[in-house]
Amino acid sequence: MKRLDTIIVGGTVVFLETIQRCDIGIRQGKIVYIGAFDSDEGVQAEQIIDATGLHVMAGMIDAHVHLNEPGLGDWEGFVTGSSALAAGGCTTFLDMPLNGIPPTVTVDALQQKVSAAENATYIDYACWGGLVPGKLEHLEPLAEAGVCGFKAFMSAPGDPDEEAFRNVDDETLLEGMRRIARTGQVLALHAEYEPIVSQLTMACLAEQRLSPADYTASRPIAAEVAAVQQALGFAQETGCRLHFVHISSAEAVHMIQQARAEGMDVTLETCPHYLALTDHDLEQIGAAAKCAPPLRSAAQQEQLWQCIASGEIDMITSDHSPCPSALKTEASNIFDAWGGISGAQHSLELMLEEGHLRRDLPLTLLTRLLSWEPARRFGLLPQKGEIRIGADADLVLVDLQTNYRIEQEQLYYRHKHSPYIGRELHCRVEQTISRGRVVYTRGLGMIGKPMGQRIGITKEQAAEIAPR
Ligand SMILES: NC(=O)NC(NC(N)=O)C(=O)[O-]
Ligand SMILES: [Zn+2]
Ligand SMILES: [Zn+2]
């Protein structure tokens, strides 16, 4: 007789290589059994989850989320942000070091972040530390304190606490990379070349060219490519591991993959909004669809999808960057509006819709992009990232034969704006399970108390983060 806490029966399970009908047994938050329960031996479980007709996937690991606590919880807090993530099928997130006050650029600030998250997040999380000018001596202690990596901006971040989280100057970037290389961790970069972006932006403002199309043109692909090129050069010099966040162009993807082919330790992510929205949508939707780098053309978007299909994109993240709605709706023009999309709740569904249902990409590929690769790259293996015996029971049940419309009142964000309101999808998250606990169901919403835990990344784990 098998005694289990929970069994999930009848589902179609998405593994890294295969997709199979099978049942899953969970004990003490871990996956302890994968197989068929209708055999003779018998099982006893406190909870039986019927997944008939549903797909069971590893929960998404969202490596790029801006939650604003401490200090700016009225923008987005851990409770609301993690609820939105869980409702979207995410079971772990990596919190970005900016947009809270103080930003996570010292161990003291990290401790404030972790305190704010205590009993406040429904799912597990890890913290990024920040690389900013004037704080180089804090990198090593932050690494010791278990951050999952470091983040820097190569262009001005538009952070509410502008003084505290500035973009790096060349000297800071170079020396920061030297020091981060010694910790063995990864430096994540927002790659837009500041001289190009600021010059073009100032010209638009001076000439009163303030339309969405002007905004798009002010942050061209050339700025992304120039920043990537510079950073790769610095990494070659310093040996620092790199990860490029929210890459928006195939040209940058190819440049990064070329560097990897030549032996550099570098990865990249893109986001659902670059794959599901275009510059045309920015004109239609307005500021809710404003982000940096900006949404690109439909042609560029198809090239990005090709990069996904060919395996050149390592992972998908939401870059959930929330703000009070007024900073979107009351801005006098698009340049003035907050740059950042509220997307935490729809990453998985958008990837299933646009990638699998519409473009026929295999679910095995999508689960690598959404779960396995972020776990591998940021030191969360073997605890997270795939459906395997011994791993945390971090799972999502999805219905791929349904349809629904995204409505404002479904949003769990503190401020309920999203560029996806009104969009029709043909898949839906039915249930999310975090370390064996059901934290969300479509019918009941959020369940129980927020009991997510922080995952501190040890030096040994960081050292294992090698390129594929
Ligand atoms: N301060 C932000 O949250 N910025 C974010 N904003 C975007 N992507 O528009 C980002 O990650 O760059
Ligand atoms: Zn960014
Ligand atoms: Zn971001």
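This is a predicted model: local features need pLDDT of at least 70, side-chain atom pairs count only at pLDDT 80 or more; totals for chains, interfaces and linings use all residues.
His190 lies in strand β13, which spans residues 186–190. His190 counts as buried because 24 C-beta neighbours fall inside 10 Å, where the cut-off is 20 or more. Leaving aside residues up to four places away in sequence, His190 touches Phe153, Met154, Ser155 and Val245.

His246 sits in a loop instead. That loop runs between β14 (241–244) and α8 (250–261). His246 also has 24 C-beta neighbours inside 10 Å and therefore counts as buried. With residues up to four places away in sequence again not counted, the contacts of His246 are Glu269, Thr270, Cys271, Pro293 and Asp319.

The largest nonpolar core contains 141 residues. Val56, Leu187, Leu189 and Ala231 touch the most other members. Helix α7 (residues 221–238) supplies the largest share of this core, 8 residues. Domain 1 (2–56 + 390–411 + 425–446) and domain 2 (59–380) both contribute residues, so the core lies between them. In soluble globular proteins, nonpolar side chains tend to be buried together.

Leu189 illustrates the contacts made by one of these core residues. Beyond four places in sequence, Leu189 touches Ala152, Met154, Ala231, Leu242, Phe244 and Val245. Met154 and Val245 are also among the contacts of His190.

Technical notes: Residues are numbered from 1 along each chain as its sequence is written. Chains are lettered from A and ligands numbered from 1 in the order in which they are written. Helices (H or I, at least four residues) and strands (E, at least two) are DSSP runs, numbered from the N terminus. A residue is buried if 20 or more other C-beta atoms lie within 10 Å of its own, exposed if 12 or fewer, and partly exposed in between; C-beta atoms are placed from the backbone. Two residues are in contact if their C-beta atoms, placed from the backbone, lie within 7 Å. A nonpolar core is a set of buried Ala, Val, Leu, Ile, Met, Phe, Trp, Tyr and Cys residues joined through C-beta atoms within 7 Å. Domain bounds come from an automatic or database domain assignment.
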